[in-house]
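Here is a short note for a colleague new to this entry. Please read the points with the model open.

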Amino acid sequence: MTRADTPQAALELIILKTLMRGPNHGFGIALLIEQSSSDLLRIEEGSLYPALHRLDKAGLVEAEWKTTPNGRRARVYRLTKDGRRRLKTAERSWAALTEGVKKVLGWT
């Protein structure tokens with residue numbers, strides 16, 4: 001992942017967190033992000049799939065082709081051990097960053 005305070009890192013953090021729920025394909029990941037954010041976050045394919053590719057290349061997720069319940073072939077992603085470790089580190093970094101932003105904005 002890139003620096004913890006970039007939009008790219010935020011997307012990767014959100015994807016890793018979503019995959020903590022279990023393996024999922026790209027559309028399922030996007031749908032869970034949308035649902036869990038009460039429709040505040042919508043991840044477009046042009047952002048999601050390059051992020052998944054980066055995470056796979058970095059060894060943070062693994063992917064395999066499977067057939068979905070509706071009979072379609074899809075790449076299903078799951079977290080690796082390294083991905084779980086990275087998620088913990090990224091969550092701590094984002095928590096510290098958001099605390100700092102809250103203080104600057106006077107929200108604490």
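**Notes on the fold and surface**

1. Residues 24 or more positions apart supply 48% of the chain's contacts with a separation of 6 or more; a contact means heavy atoms within 4.5 Å. This is a predicted model, where local features need pLDDT of at least 70, side-chain atom pairs count only at pLDDT 80 or more, and totals for chains, interfaces and linings use all residues. Numbering starts from 1 along each chain as its sequence is written, and side-chain values use heavy atoms, leaving out hydrogens and water.

2. The chain has four helices and three strands. Along the sequence they follow the pattern α-β-α-α-β-β-α. Both kinds are DSSP runs numbered from the N terminus: helices are H or I, at least four residues, and strands are E, at least two.

3. Of the 108 residues, 32% count as buried. Buried means under 20% relative accessible area, exposed over 50%, partly exposed in between (1.4 Å probe, protein chains only).

4. Helix α2 spans residues 26–36. Its buried residues are Gly26, Gly28, Ile29, Ala30, Leu32, Ile33 and Glu34. Just after α2, Ser38 takes a positive phi of about 55°.

5. Thr80 sits in the loop between β3 (73–79) and α4 (81–105). Thr80 counts as buried because its relative accessibility is 12%. Leaving aside residues up to four places away in sequence, Thr80 touches Gly59, Leu60, Val61 and Glu62.

6. Val104 is in helix α4. Val104 counts as exposed because its relative accessibility is 73%.
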